[in-house]
Amino acid sequence: MVEELIGKVYRVSGPLVVSEGLKARMYDVCRVGDEGLMGEVVGLVGEKALIQVYEDTSGIKPGDRIENTGMPLSVELGPGLLKSIYDGVQRPLPALKDASGDFIARGIEAPALDRSKKWEFKPIVKKGDKVNGGDILGTVQETEFIEHRILVQPNVSGVVREIYEGSFTVDETVAILEDGTELKLYHKWPVRIPRPYQEKLPPEIPLITGQRILDTLFPVAKGGTAAIPGPFGSGKTVTQHQLAKWSDTHVVVYIGCGERGNEMTEVLEEFPELEDPRTGKPLMERTVLIANTSNMPVAAREASVYTGITIAEYFRDMGYDVSIMADSTSRWAEAMREISGRLEEMPGEEGYPAYLASRLAEFYERAGRVRTLNGSIGSVTVVGAVSPPGGDFSEPVTQNTLRIVKVFWALDAKLAARRHFPAINWLQSYSLYVDTLSEWYAKEISPEWGELRTWAMTVLQEEANLQEIVQLVGSDALPESQRLLLEVARLIREVYLQQYAYHPVDTYCDLKKQFDILKGIKEVNDIFFRALESGKLVEEIIGVQGIDEFARAKFEKDYKTAMENAIKKIKQNLGVG
């Protein structure tokens, strides 16, 4: 180690260590103390470097040795990522448990990718071929359904002098370029630098989630950004489980950032048991979990989000669609606030650092549907959960997130208390992708899709306006047409917007079924108003036989026949042709 890369501890303040005599650049990774605790340079003041340590700094004292690795915080990208559970700085938690028991010992290290496992490598390029950064060198069958495409590191290019086929560990050389550069099954990439691509494509294809309220009213595009803010108990975690399980993406990256240990335990236990609907295998087969609970060091929590998004970009560069669930960005912001306080920076609103908005923007900007360096098309869709204290959406993290993301799914504690799930408030939520995706919906599902969506939103808005009058004087004081509109709105809410995550049929609703159910509700609406015009009483219309069968049709496998039979029954009982 060059002498100038060695320094010593000058001062310790929680996870922040100030060094002296150390030559360092911003974001260099350092080893602090006798145990070699991992840290990252976050500030330079004169001759001193400010290092945030990713572990407990108890026992570190002035004069202790600090060693600069000269490298930024990087992740290992290669076969073995899928099915893995990492902490915020990509240390594999199962390996740490084997080495130190239930509690992670300080200074413990383990390689992110298994160095002993052999992978069957099949080259695509051959000797004499020119390869550039991002090109696919060959493939490894990582899991039964995901083919891992071995990429040339983005900043490397040259002519292939030698390439080998067979079983290799990630550490062994599989190709040599003319200039002597050795290529392995994995490479490293700095987490704070976005991976390059050729061009960003417009968000024209929806991310199909199978959740009716999301796909129909507030869709998100592949490569888009969405936020789910909501108070405790409103269903953020179950909604993210549903998105992870049913979204039409190839790979899921789930970041548990600063969540309570019991919540993260639930995720770690449930994900291996969740069955992937596409393959029938455990969902973990195409998932990477990053667990950084609230009792783990704060500094590592700040890094966990960057670790997750870099892994997501790597799978995107292979040509896969990736969804990333960050739960929750509020805890990430709290970690930034704590570190900012240690750095004695000028605080912004509610004590958060002044750069909160730009850091959030940097994270969400790494989403997108892109043409990769090798010409394939991949996407990273980011869904960030926000946990505003007391459900207050006016606090800085929620407000700054809303300025950046294009989709806002507002969870409502009142809806959750009424057992309406998903508890997404249809009056507060919005999607800025509706217009750009309308052409896809019209072409792939039906030209009537946009019209039906507008009609449903109009009915729900009118119902909200009428509720104020109903609460004052009761529904009987309303004109008959408005009383009927309230009944139709109830059907939209209870039949369409409510969806049961644990029901074997209703947990997932494809777009064709969504369209058929909404069209069925519109047909019932037309029958109701024709019956009213023909002289039927509102009470008679609302209590018509067949309406309960219509409401239950969505739970049937052959829902279409059940709906048609129910509508026929309603028509007969109301005497409407």
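Residues are numbered from 1 along each chain as its sequence is written, and side-chain values use heavy atoms, with hydrogens and water left out. Because the model is predicted, local features need pLDDT of at least 70 and side-chain atom pairs count only at pLDDT 80 or more, whereas totals for chains, interfaces and linings use all residues.

Secondary structure elements are DSSP runs numbered from the N terminus, with helices (H or I) of at least four residues and strands (E) of at least two. Two strands are taken to pair if DSSP finds at least two bridges between them. By this criterion, 6 strands close into a barrel in the order β1-β2-β5-β4-β3-β6, with antiparallel pairing. Neighbouring strands of this sheet are turned by 45 degrees against each other on average, direction ignored; axes are lines fitted to C-alpha atoms, for helices over the stretch in contact, and angles run from 0 to 180 degrees between N-to-C directions. Strand β1 (residues 6-13) pairs with strand β6 (residues 65-72) in the antiparallel sense over 3 bridges, and glycine 7 stands opposite isoleucine 66 in β6.

A residue is buried under 20% relative accessible area, exposed over 50% and partly exposed in between (1.4 Å probe, protein chains only). Strand β8 runs parallel to β21 and is joined to it by 2 bridges; the bridge partner of tyrosine 86 in β21 is isoleucine 290. Strand β20 (residues 251-257) also runs parallel to β21, with 6 bridges between them, and cysteine 257 has asparagine 292 in β21 as its bridge partner. From β20 the chain crosses through helix α4 (residues 261-273) to β21, and this β-α-β crossover is right-handed, in that the path from the first strand over the helix to the second runs clockwise with the strands pointing away from the viewer.

Nonpolar cores were defined as sets of buried Ala, Val, Leu, Ile, Met, Phe, Trp, Tyr and Cys residues joined through side-chain atoms within 4.5 Å. The largest such core has 85 residues, and those with the most contacts inside it are Trp409 and Phe528. Contact means heavy atoms within 4.5 Å. Residues up to four places away in sequence not being counted, tryptophan 409 touches several residues, among them Leu214, Phe218, Val220, Pro229, Leu243, Val383 and Ile424. A second, separate core of 78 residues includes Trp119, Val305, Met318 and Val382.

Side chains of opposite charge can pair when their charged atoms come close. With a salt bridge taken as a side-chain nitrogen of Lys or Arg within 4 Å of a carboxyl oxygen of Asp or Glu, the count comes to 37 salt bridges. One of them joins glutamate 109 to arginine 31, with the closest N and O atoms 3.2 Å apart. This pair links distant parts of the chain, 78 residues apart: glutamate 109 lies in the loop between α1 (93-100) and β9 (119-123), and arginine 31 in strand β3 (residues 28-32). Glutamate 109 is partly exposed at 41% relative accessibility, as is arginine 31 at 23%. In another salt bridge, glutamate 448 meets lysine 519 at 3.4 Å, N to O. Glutamate 448 is in the loop between α10 (434-444) and α11 (449-473) and lysine 519 is in helix α13 (residues 511-533), so the pair ties together parts that are 71 residues apart in sequence. Salt bridges that share partners also join Glu40, Arg192, Glu302 and Arg359 into one network.

Several backbone features occur in loops. A cis peptide bond with omega of about 5 degrees joins aspartate 327 and serine 328, and serine 328 lies in the loop between β22 (321-327) and α6 (329-342). Another cis peptide bond, with omega of about -5 degrees, joins phenylalanine 421 and proline 422. Lysine 83, a residue other than glycine, has a positive phi near 75 degrees and is partly exposed at 45% relative accessibility. Glutamine 90 has a positive phi near 65 degrees; this residue is found in the loop between β8 and α1 and is buried, with a relative accessible area of 4%.
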